[in-house]
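Work through the following exercises with the sequence and the model side by side, and try each task before you read its solution.

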Amino acid sequence: TSPDIYGLKLLVSYAVGEQVTNGAIKVDPYTINVAAHYRRGPLYVGASYETRNDCGNPDTNAAAGCNASALGGATQPKGTDSAIRVGASYDLKQTWTKLAVAYEHIDLMAKAEGALAKKTLQRDVFWGVITQGIMSNDNQVILAYGMATKASGEGVFTDKTGTDASY
């Protein structure tokens, strides 16, 4: 974690697994996380990138956060999961109102292994939130809306109908 410089803070982490095999399958398990946070007055903005490589149960001493690939598993441990997240909020203290938005893109991939085919999945998600305090921030009404796009990719869904959502 960096020092706070005029409201900006940077965070970076890297972790590796201690073993390079999953049974007979050679793997290279690691995770990388990079984030930036900016807070100045009523404004907050954050962005992050995360990638996990060969995290399909590579070993019992896996890197922190690298113990389960989204699409892989013990028999298909090679692959990469990555995500980009961006969010912002603005706080109007005099009216007890907070506005917030967020976006996430995920990109998942399990490499082909033996008879198992390559699998990929991509999806975008958007959120918006309005929090309104009633006479203070002790009592609030929260309105939230989120939307996930239809999943795309190969080898995961035979029918992508219903893979999108609004709530």
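**Exercise 1.** Decide whether Thr120 is buried, partly exposed or exposed, and find what surrounds this residue.

*Solution.* Step one is the class: Thr120 has a relative accessibility of 11% and therefore counts as buried, where buried means under 20% relative accessible area, exposed means over 50%, and partly exposed lies in between, with a 1.4 Å probe and protein chains only. Step two is the place, and Thr120 belongs to strand β8, residues 119–133; strands (E, at least two residues) and helices (H or I, at least four) are DSSP runs, numbered from the N terminus. Step three is the surroundings: leaving out residues up to four places away in sequence, Thr120 touches Leu71, Leu108, Met109, Ser152, Gly153, Glu154 and Val156, a contact being heavy atoms within 4.5 Å.

Before going on, note that this is a predicted model, in which local features need pLDDT of at least 70 and side-chain atom pairs count only at pLDDT 80 or more, whereas totals for chains, interfaces and linings use all residues. Residues are numbered from 1 along each chain as its sequence is written, and side-chain values use heavy atoms, with hydrogens and water left out.

**Exercise 2.** Describe how β9 pairs with β8 and with β11.

*Solution.* Two strands pair if DSSP finds at least two bridges between them. Begin with β8 and β9 (residues 140–148), which run antiparallel and are joined by nine bridges; here Ile130 stands opposite Leu143. Next, β9 pairs with β11 (residues 165–166), again in the antiparallel sense, over two bridges, and Met147 faces Ser166 in that pairing.

Now look at the hairpin of β8 and β9, which has six residues between the strands. Met135 lies in this loop and has a positive phi of about 65° although it is not a glycine. With 68% relative accessibility, Met135 counts as exposed.

**Exercise 3.** Where does Gln140 lie, and how far is Gln140 from Trp96 in sequence and in space?

*Solution.* Gln140 is found in strand β9, and its relative accessible area of 41% makes it partly exposed. Gln140 and Trp96 are 44 residues apart in sequence, while their C-alpha atoms are 8.7 Å apart in space. When residues up to four places away in sequence are not counted, Gln140 touches Thr131, Gln132 and Gly133.

**Exercise 4.** Find the residue other than glycine with a phi near 50°, and state whether this residue is buried or exposed.

*Solution.* The residue is Tyr6, whose phi near 50° is a positive value. Tyr6 sits in the segment before β1 (8–16), and because its relative accessible area is 65%, Tyr6 is exposed.
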